[in-house]
Structure formats: C-alpha cells, structure tokens
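Visitor: I am new to this structure and would be grateful for a close look at a single part of the model. Please begin with one residue and then proceed to other parts in a connected account.

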Amino acid sequence: MHSARTRRVLAVSVAAGVVFCVGVLFWLQCMTTYTTDDYSYAAFCGDGLRSFAEKNVAHYLTRNGRVWVHLVAELILSGGFVCFAAVSAGLLAILLWAGGRVFGGLTARTGGFRWLCAGAVFYAALLIPGYAVLRSGLLCVADVCNYVLPLTVTLSAFSLLCGMDAGRHPRAAGLTAVGLCLLAGAATEQNALLTIVLLGAHLAERLIRRRGGLGWPIAALVCTAVGLVTVLLSPATQARVQAEVTLTGLRKGLQMVASAFAAPRRMLPVAVLFCAALWCFARAEQSRPRLLRASLPVGAVLAAGFFLPQSVWLNTLCFVLFCLLVLVSALALIISGACRHGGCLLLAGLCAVLMPAVTASGSVRTCVPFMLCLVLASAFLLAADAPRTPIRAAAVVLSLVAIAALRVPPILAGVGENYIILRQNEAAVEDSRKTGVLEYTDYVPYYALCEMFNGAVFESAFCEKYRLGDVQIVPHVQPYASTDTDCPAILWRGEPYVHLRSVLEKNGGSLHWLANDYIFFSLDGRRYLYDAPYTLPLSPFGRPLDDRAAFFVYENNTYVSAALLEALGATWRC
C-alpha cells in the first residue's frame, strides 16, 4: 500500500499536468487567427437585429441548414478570441464530464485521482498530434462550433440517459436529454448520424438484455431525427447531398479520410494511444474480454507507420485495420458488459468518421469527432485502474504530458507570431479608413489557419467583416507577367509560384494525390510527399526539406514555389 503522502504527491503532480495542458490550449485559442468562414460569420453581427436575421436566413437557403451551431459561432466571434477560448474550455470540460458518466462503470468506485489521470490524458492527447490537427479541431471558431460543440451536446444527452436508472429525478433528466438530442440532430449531418447510431446501439443493448426504460431513449431518437430534418430541409443542404453523395467515388473518399486520420502527422498518435489504453485495460483484470488484447499487435503495426515511407495506400491499410479493431472492441465492450455505454460511443464515432467517405469530403476536421471519442476512451480506460497502481498510472500520465510539452514550443512561437501580424493587419484596416488604401502583412506560413487574400471569397468576407467599402487593397498575389514560362504561374510576395499539375506534367512527373495539405507527386523518377510544413523524399534515407512556403493555394488551385522546383531539378521556364 502507498502512503497518504505519496498519493498526495502523485495527485499534485498529475493535477499540475492537467493545469499545464489546459493553460496551453487556452493560450493558443486566445492567439488564433481567422479562416474565411470565421470572417464570414463575424460579419453577421454589427448591423442590427434585422440584418442579423436576414443574413442567417440567406445562409440557411444558400449555404447549409446548420442554423444554431452557426448562430453560436457568430456570437462567439463577436466576443473575440478570449470569449472563444473560454467557451472552448467549457466545452472540453463538459465533454470530459460527460465522458466520465458514459464510462460510468470505470469511475463509480473512486474519487479524484482517477478523474485527474483521465483529465491529464485527455488534454495531453489533444496536444500530442500537433498543429495540423489543432488548426482543424480546436483553434478555428467555425470548426469548434461544427464538430466539438455538437459532440458535447450529444454526449451530455447520452450521459443523462445512462444515469437515469440511478437518478433521483429521471423525468427532468429525460426531458433535458430529449431537448439536447433535438439540438444534436439539428447541428450537423455527421453529428446527427453519430447521435442516431449511439442511441440506436443503446436501445438495442437494452432490448437484448431485456431491460426496461425504453421510452426516453426512443423519444430522444425521434427528436434527433426531427432535428436532422431541419438541416435536410435547407435547399443548400439538398443541393450538397445531390452533388457529394456517391458510391462510385467511395475508394477516393476512403483514401481521403484515411490520409486525414492515419498519417503520422495527423491523428495516428491518437490511434496508437487508444490501442495501448485498450491493451492495458484488458490486461488489468482477467474478467475483461481477452479479445481486447489484440490491440497490442494492431498498435505495433500502426506505430510502424511512423518509420515507413508514407503513401496513401499505407494510410488506407492502417485506417481500415484500426477501424476493424474499433468495431471489434466496441462490440466486445457492449456484449461483455465491461463498458456497455463506452462501446456504444466507439461504435457511433466509427460510423461518423466513415460518413465523409461516402461524400468524398474527408478532411482532418471531419475526423475530429471520432478523435475526441477515442481520446475520451483512452483517458478513462487508462485511468480505470489508477487507484490500484497510482505510481505506474502517474508515470504513464506524466509521460504523455511530457510528450505534449515537447510538441508545444514551436506551435506557441508560430501561432504567437501570426497573432501579432493579425493585430497589425487590424491596425492597418483602421489606417485604411483614412488613407483609402489597405497594405496588409502576410502571415508566416503554416502556423495560420489560412493565408491572407487567397481568393475572391476571402477578400469578400474580409471586406464585409471590417466594413471596407471603397478601400483599395494592395494585393500580394499578382499574375506572372513574364513570357518565358509555358505553365500558369503567379507571383506571391514577389516570388514565382507555378501551377503544380501543369509543371509536373511538363517535366514528365505525376501528381498522385492532392488533398488537405497532403500532396504526393513524382518527379524525375523520385517520389515526394508534402506534409505541411515539410517536403519529404520517399526513400529510407531521404532528408526533409523544411520549406513552409513550398505550396500556395490560390482560387482553389495549388501552386508550387519555383525555389522548390529548382531544388528538385525541375524546369518551369521555356
């Protein structure tokens, strides 16, 4: 047995890790920048209530039917980044609390130390994947409202349903859960699917075990469907469904999701952590499903992906293998009763992440709900036996916090530098009202959510947000006027950038993959991968080229810097 003093020291150490990770996330969110969508939503406020309502109605008719989550985004953006950081911190805290109730069988017998361990793992796991995931999951106001907020609502409702059997006020909890499910269904199409699968699995489990109390889950399921109908009634949503949903592009859609999730610089660390947590949970007690121990070899295969030359096919194989593990593990947790509600959550998250494969809209941000489900599962599975082995649990938790701490300094430096540029540009906006000319500063590449004035849509949203009517904007992107190139080219910040596909074809190369800052191409018999901010030669001894400004997307066309082309031996002039 460990002394009370030892336990206090361990608890304080783990609590310090929680405070560190929460503080870093809060700091980063206070220093974030804007995406094009953020500028667009920020322009909704400021012209009176009538204008606010008209813009939201127009958005529902022409963009999509996600009404209330966008209302929240608009209100947050009107309050500034400190407001965003505070709301986001509250959402993550509620998500952790709801996750604890969903994994209630793991936290019922213990007090604070298990919660501290779970919290430290949860927040550290959000930082470990790095900026490529943070920028699409936690640093963008629109993405937090589209993906984190709806999942928080869903888990809050589900946690209330899970706790109703032992609750003192089941009617109040049931009514609250039903109302939250209505909001969950009306949030996004992906979250509605996640909620329906979650409630459906919960209902099926209760029916199979012949447990009563089906009324409230059925009511919640119906309300979720009603909420989804409000999204689908939008003419813009109907147009998107007709344009995007296709089975013929299923392979490409699956590859897009796989490359957004299973690439080493994306969410592969979270997948490996989940495998490790699942194995530790299964090994701790003989009564737990032995099938879960298969997570160890699967985790080893996934970890090998950090050292093997990357490819879209490798990402896809790793992703499919991991999805099969999650499916088997979820069913094992439900059937064995080891963690029924947690198994339902994993099953729902898996269905949600596969949905973009059908619509060929897979990206890092569409994988965020699944990632959060995995992080919650990892946190509470690792913390399940923390009171029995506090020293080992604290060592594991603090190791994860240390890994997160090593990832943080370059992110803080890059985000902080661009935040200063954001404030300089806002000062330039105020000066332009007097001079009639806006001279802006470009962000330092990579550590910004999007580049300044990368197309007409950005310019329109920027000008509307800051009410720049007749102000002339001095562009940093200009046509390349020289006649000595036979490939489309532009000048960005005075440097030539050449249309990627055209210049590769001219030099006998090929563009194999282009999606979500993840680019595979071959040139002069060699294969390369651009995984921001590095260009990696795909060979065992290839050294990365640290060129954060290697690629630039302008008007939805990808351009490559002439400097990188010349470094790779390509010709782009006549």
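Guide: Arg 493 has a relative accessible area of 37% and is therefore partly exposed, since that class lies between the limits of 20% and 50%. The model in which this residue is seen is a predicted one. Arg 493 belongs to the loop that joins strand 4 (489-492) and strand 5 (495-499). Its phi angle is near 55°, a positive value in a residue that is not glycine.

With a relative accessibility of 37%, Glu 555 counts as partly exposed.

Thr 224 is found in helix 12, which comprises residues 215-232. Its relative accessible area is 0%, so Thr 224 is buried. When neighbours within four places in sequence are set aside, Thr 224 is in contact with Cys 181, Gly 185, Ala 192, Thr 195, Ile 196 and Leu 199.

Gln 255 has its place in helix 14, residues 250-261. Gln 255 is buried as well, because its relative accessible area of 8% is under 20%. Not counting residues up to four places away in sequence, Gln 255 touches Val 312, Trp 313, Thr 316 and Trp 513.

The next subject is a pair of helices. Two packed helices are described by the angle between their axes and by the distance between those axes. For helix 15 (residues 268-284) and helix 17 (residues 312-336), the axes come within 12 Å and cross at roughly 35°. The crossing of helix 15 past helix 17 is left-handed. On the side of helix 15, the contact is made by Ala 271, Phe 274, Cys 275, Leu 278 and Phe 281. Helix 17 contributes Phe 322, Leu 325, Val 326, Ser 329 and Leu 333. Sorted by class, this contact has 9 nonpolar residues, 1 polar residue and no charged residues. An α-helix has 3.6 residues a turn, so residues three or four places apart point the same way.

Helix 18 runs over residues 340-359, and at 1.5 Å a residue its 20 residues should span 28 Å. The C-alpha atoms at its ends are 30 Å apart, which agrees with that expectation. Helix 18 is mostly covered, with 15 of its 20 residues buried.

A disulfide is a covalent bond between the sulfur atoms of two cysteines. The structure holds 0 disulfides. Cys 83 takes part in no disulfide, and the nearest cysteine sulfur, that of Cys 145, is 9.7 Å away. With a relative accessible area of 28%, Cys 83 is partly exposed. For Cys 117, the closest cysteine sulfur is in Cys 280, at 13 Å, which is too far for a bond. Cys 117 has a relative accessible area of 1% and is therefore buried.

Conventions
Residues numbered from 1 in each chain as written. Predicted model: local features only at pLDDT ≥ 70, side-chain atom pairs only at ≥ 80, totals over all residues. Heavy atoms only, no water. Helix = DSSP H or I, 4+ residues; strand = E, 2+ residues; numbered from the N terminus. Expected span 1.5 Å × (residues − 1). Buried < 20%, exposed > 50% of the residue type's maximum accessible area, 1.4 Å probe, protein only. Axes fitted to C-alpha atoms, helices over the stretch in contact; angles between N-to-C directions. Left-handed = near helix turned anticlockwise from the far one by under 90°. Contact = heavy atoms within 4.5 Å. Nonpolar A, V, L, I, M, F, W, Y, C, P; charged D, E, K, R; others polar. Disulfide = S-S within 2.5 Å.
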